[in-house]
Amino acid sequence: MTYHPKSDFLRVMIERGFLADCTDYQGLDDAFAEGVVPGYIGFDATAASLHVGSLIQIMMLRWLQKCGGKPIVLMGGGTTKVGDPSGRDTERSLLTPEKIDENIAGIRQVFTSYVTFGEGAGDAVMLNNAEWLDGLKYLDFLRDIGRHFSINRMLSFESVKSRLDREQSLSFLEFNYMILQAYDFLELNRRYGCKLQMGGSDQWGNIVNGIDLTRRVLDHEIFGLTSPLLTTSDGKKMGKSQAGAVWLNAQMLSPYEFWQFWRNTTDADVGRFLKLYTELPLDECARLGALEGSEINHAKATLANEVTALLHGRAAAEAAEATAREVFEKGGVGEDLPTLTLSAAEIGEGIANTALFVQAGLAASGKEAKRLFAEGGARINDAVVTEPRLMTVEEISAGLKLTAGRKRHALVAVS
């Protein structure tokens, strides 16, 4: 990146590794010099929580506010009814309006940890695109908005082209998604003065569509900025762990498990993740990321502490680290470990130890649990388990600690 920005926001985006591309560096820089820049990122409400894969976008909104901008968190109450085809091979399952509203309420909890909501010029707002999408009249929308879109151009966008190249079905419902997202930008600019849309680099086509549409309809100058699609150094997509999605809501993933996810970061990713997911000074991120051997474990613990503190609070981060120390260094149980609580009725005459590993989130399926057993990677109360068998109420009542690999643990209790 050779551009040297004047604004704090663009400087942070470039220096900390958030920026993949921008539609107009100079124009956006000038907009920040003129006053508060409202910027938005859209999040579809397909689950009751976002996962770690969305955290880079959440941090971008946080930095926008810290640098004097106004974050707009746009919830896709309307577009969730359609489904974004980007990066997908199949159509998303459709949710009821009630379930979408429930998911939005769950997602809002996370954002209160990262941005400050309020009525001030730089305070964050959470909006729902159902506000303008639910009342659209189809023929009016086709005449006023649809005429600005070229089918030839839409077919060239990666989110559509990749599906067609693989000869996988793309419904007309999903094909409309990019028009609706472009219309979101237009309405946000018209209603709230929004000047910037941000998103992952897979959203570039959708963002450019919104900019073009707004110029055509309102003759307003607005901007787009994308972040790189983040993968770990071994090529895995961010947001997934061996046991499934790394959720941001504490009700869906405990702070301890969240802390452990970051503590288990690959050595090569530590420096980069410190820059993206914490607010530590850049020179400190570089120093920690350059550590080698056993010293890199200190950097990983720092990463886990800082990321967990931002989301769940400093006390939760310290408790997670204390639990990890208790479990790993002293061989104890650790009071903060995630706990699976079962009733005697659920256990009945016995419950398979493989099922306990699955229900505790230490294996994604019974098949994976059996493989973990066969490879010697499963322990119950620190004793290696190699064979599936039934566990009785009495055994579980006496206290069980499940371990998968070296670093993932859970307790099982009887209610």
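What follows is a chat about side-chain contacts and helix packing in a predicted model.

Colleague: Before we start, what should I know about the numbering and the model?
Modeller: Residues are numbered from 1 along each chain as its sequence is written, and side-chain values use heavy atoms, with hydrogens and water left out. This is a predicted model, where local features need pLDDT of at least 70 and side-chain atom pairs count only at pLDDT 80 or more, while totals for chains, interfaces and linings use all residues.

Colleague: OK, how many salt bridges are there?
Modeller: The count comes to 19 salt bridges. The rule is a side-chain nitrogen of Lys or Arg within 4 Å of a carboxyl oxygen of Asp or Glu.

Colleague: And why would such side chains pair?
Modeller: Side chains of opposite charge can pair when their charged atoms come close.

Colleague: Take Glu-102, which residue does it form a salt bridge with?
Modeller: Lys-99, with the closest N and O atoms 3.2 Å apart. Both residues lie in helix H4 (residues 97-111), 3 residues apart, about one turn of the helix. Helices here are DSSP runs of H or I with at least four residues, strands are runs of E with at least two, and both are numbered from the N terminus.

Colleague: Why does that spacing matter?
Modeller: An α-helix has 3.6 residues a turn, so residues three or four places apart point the same way.

Colleague: What about Asp-140 and Arg-143?
Modeller: Their side chains meet in a salt bridge, 3.6 Å from N to O. The two sit 3 residues apart in helix H6 (residues 138-144), about one turn of the helix. Asp-140 is partly exposed at 33%, whereas Arg-143 is exposed at 51%.

Colleague: And where is the Glu-321 and Arg-325 pair?
Modeller: In helix H16 (residues 314-328), 4 residues apart, which is about one helical turn. Glu-321 is partly exposed at 23%, and Arg-325 is partly exposed at 33%.

Colleague: Which residues are linked in a network of salt bridges?
Modeller: Glu-131, Glu-187, Arg-190 and Arg-191.

Colleague: Switching to rings, how many aromatic pairs does the structure hold?
Modeller: The structure holds 11 aromatic pairs. One of them is Tyr-40 with Phe-185, an edge-to-face pair at 5.5 Å centre to centre with 65° between the planes. Tyr-40 lies in strand S2 (residues 38-43) and Phe-185 in helix H10 (residues 177-192), so the pair ties together parts that are 145 residues apart in sequence. Tyr-40 and Phe-185 are buried.

Colleague: What are the cut-offs for rings that pair?
Modeller: Rings of Phe, Tyr and Trp (its six-membered ring) pair if their centres lie within 6.5 Å; planes under 30 degrees apart count as stacked, over 60 as edge-to-face and the rest as tilted. The rings of Trp-262 and Tyr-277 have centres 4.9 Å apart and planes at 55°, so that pair is tilted. Trp-262 is in helix H12 (residues 255-263) and Tyr-277 in helix H13 (residues 270-277), so parts 15 residues apart in sequence are tied together. Both Trp-262 and Tyr-277 are buried.

Colleague: Which residues do ring pairs link into a cluster?
Modeller: Phe-258, Phe-261, Trp-262, Phe-273 and Tyr-277.

Colleague: How many residues of H12 are buried?
Modeller: It's 7 of the 9, so H12 is largely enclosed by the rest of the structure. Among them are Tyr-256, Trp-259 and Arg-263.

Colleague: Which ring does the charged end of Arg-108 sit over?
Modeller: The ring of Phe-117, 4.4 Å from its centre. Likewise, the charged end of Lys-66 sits over the ring of Trp-63, 5.6 Å from its centre. That call needs NZ of Lys or CZ of Arg within 6 Å of the ring centre and within 35 degrees of the ring normal.

Notes: Buried means under 20% relative accessible area, exposed over 50%, partly exposed in between (1.4 Å probe, protein chains only).
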